[in-house]
Amino acid sequence: MSKKAIIAIIVAAVVLVGGGVTAFFLLRPTEEKKEEAVVVDKHPNQAQSILTGQWIDKNIQSQRPIAIMMENEKHNHPLFGLNSSGVIYECPVEGSSTRFMVIYDNNIDDNLKLGNVRSSRPYYIYFAHEFDALYVNWGASVRAIDILATDYIDNLSGVINAKLDTVCFFKTNDHPSPSNIYTNRGMIMQGVQQMNYRTTLDTNKPKKFTFTEEADQPNTLAVEGATDCMVIKPYFFVNLPRFEYDPATQKYKRFQFGKEQIDGNDNSQIVCDNIIFQDVDSHDLEEHDTANSPYIWCETTGKGTGKYFTKGKMIDITWSRPTENDVTKYYDMKGNEIVINQGRTWVCTTENKYKDKNQYYATIEEYNAANTKK
């Protein structure tokens with residue numbers, strides 16, 4: 001065999017071997033390719049509550065929440081069940097008082113005492129509709145009755161629907177009538193069955209709040225550009241409420257009528273995790289209550305300003321709700337929808353004409369110095 005043939009064979013062998021080695025390294029699965037990405041479901045069979053953002057059983061999350069009207073007069077305290085709720089609305093009513101609408105996930109104990117239960121006002125109905133809630137009340141103002149007579153919301157009302165009086169409500173001797181009316185989930189669901197109301201959420205309805213996915217996830221939208229705010233005092237003239245942030249529990253403690261506000265079920269102080277001030281237009285109506293105070297109208301649609309409080313911080317926000325069939329969305333001053341922390345949210349609708357009377361204190365010491373009697 002000639003020298004040229006031998007060289008050609010050697011070159012071919014080298015090329016063949018080299019190509020095989022190259023192919024082996026190129027085609028062999030790398031460690032990264034061998035390890036397929038594994039998606040870990042951190043919350044199997046759970047979904048985020050539309051009220052609190054907390055992870056709860058999917059079957060519970062798919063059930064419609066329950067919204068209950070409660071009176072907030074000094075003589076009828078303590079109220080029962082506020083610390084078991086997901087969202088609380090506090091709005092002004094006639095006579096400069098406030099009234100609560102307390103909203104629950106449909107997983108509270110059947111026998112937990114809730115109330116007292118009192119009458120409806122129109123704007124509470126519109127707020128309850130945002131959550132696709134079953135709306136529970138004992139009586140209503142004239143304009144509220146007109147709305148409840150439509151199919152706008154599924155309503156369980158004593159007095160208006162007398163056949164529900166003993167189905168959904170019970171009375172006690174702790175306060176004079178009508179401040180002695182209470183309910184519980186078991187009775188409410190009996191009323192729902194009797195009225196043949198839908199029990200599952202409308203999945204086509206957008207969710208009102210956007211929450212952090214995890215409880216310990218930083219709420220960047222709330223922290224960016226935020227200022228310290230440890231004490232919050234809405235202007236409400238009669239009950240004179242305030243919220244004090246407790247860094248140890250990372251919750252806001254509620255005070256009114258000059259002392260701690262207590263949940264009558266366990267005598268614990270009422271607390272919440274988020275607070276929203278929603279500034280609204282308002283005006284007096286022609287109708288008056290039994291004390292001859294004019295009913296008021298708080299606007300629930302359009303656009304407006306407000307504030308969001310969480311973790312001892314405060315930011316300015318705006319809100320928007322085009323129609324009464326939409327949900328209110330809240331935005332930071334850059335136009336981004338705010339992402340709120342998981343937990344109980346307290347919404348105060350503060351009238352635009354009084355919002356300048358709201359007070360905010362960066363520290364407890366600052367609040368104490370400003371409110372010490374001289």
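A residue counts as buried under 20% relative accessible area, as exposed over 50%, and as partly exposed in between. R198, at 36% relative accessibility, is therefore partly exposed. The structure described here is a predicted model. It holds 16 salt bridges, and a search of the whole structure finds 22 aromatic pairs. The largest nonpolar core has 45 residues, and another core, of 43 residues, lies apart from it.

**Nonpolar cores**

- Within the largest nonpolar core, the residues with the most contacts are I68, L82, I275 and W346.
- W346 touches L82 and I275, and its other contacts include I88, F100, F243, I270, C272 and I276, not counting residues up to four places away in sequence.
- Residues touched by W346 also include E90, R254, Q261 and N274.
- The core of 43 residues has Y135, I153, I276 and Y330 among its members.

**Salt bridges**

- R198 and D132 meet through their side chains in a salt bridge, at 2.8 Å from N to O.
- The relative accessible area of D132 is 9%, so D132 is buried, whereas R198 is partly exposed at 36%.
- R198 and D132 also belong to a network of salt bridges that links them with R64 and D154.
- K251 forms a salt bridge with D273, in which the closest N and O atoms are 2.7 Å apart.
- K251 lies in strand β14 (residues 251–256) and D273 in the loop between β18 (271–272) and β19 (274–280); the pair links distant parts of the chain, 22 residues apart.
- K251 has a relative accessible area of 28% and is partly exposed, while D273 has 12% and counts as buried.
- The side chains of R242 and E244 form a salt bridge of 2.9 Å, N to O.
- R242 and E244 are both buried.

- The buried residues of α4 are P122, Y123, Y124, I125, Y126, F127, A128 and H129.
- F127 is one of the members of an aromatic cluster that also contains Y89, F131, F209, F211 and Y330.
- Inside the structure's set of 22 aromatic pairs, Y89 and F131 make an edge-to-face pair, with 6.3 Å centre to centre and 75 degrees between the planes.
- Y89 lies in strand β4 (residues 87–92) and F131 in the loop between α4 and β7, so the pair ties together parts that are 42 residues apart in sequence.
- Y89 is buried at 0% relative accessibility, and F131 is buried at 2%.
- The ring centres of Y245 and Y252 are 5.0 Å apart and the planes stand at 50 degrees, so this pair is tilted.
- Y245 and Y252 are both buried.

- S49 lies in the loop between β1 (46–48) and β2 (55–57).
- With a relative accessible area of 1%, S49 is buried.
- The S49 side chain makes a polar contact with the side chain of D105, at 2.8 Å.
- Not counting residues up to four places away in sequence, S49 touches Q54, I56, Q61, D105 and F211.
- F211 is also a member of the aromatic cluster that includes F127.

**A three-stranded sheet**

- An open sheet of three strands has the order β6-β10-β9, and its pairing is antiparallel.
- The edge strands are β6 (114–115) and β9 (170–171), each of which pairs on one side only.
- β6 is joined by two bridges to strand β10 (residues 181–183), and the two strands run antiparallel.
- L114 has T183 in β10 as its bridge partner.

Note on methods
Residues numbered from 1 in each chain as written. Predicted model: local features only at pLDDT ≥ 70, side-chain atom pairs only at ≥ 80, totals over all residues. Heavy atoms only, no water. Core = buried A, V, L, I, M, F, W, Y, C linked by side-chain atoms within 4.5 Å. Buried < 20%, exposed > 50% of the residue type's maximum accessible area, 1.4 Å probe, protein only. Contact = heavy atoms within 4.5 Å. Pairing = 2+ DSSP bridges. Helix = DSSP H or I, 4+ residues; strand = E, 2+ residues; numbered from the N terminus. Salt bridge = Lys/Arg side-chain N within 4 Å of Asp/Glu carboxyl O. Polar contact = N/O pair within 3.5 Å; in protein donor to acceptor, adjacent residues only side chain to side chain. Phe/Tyr/Trp six-rings, centres within 6.5 Å; stacked < 30°, edge-to-face > 60°.
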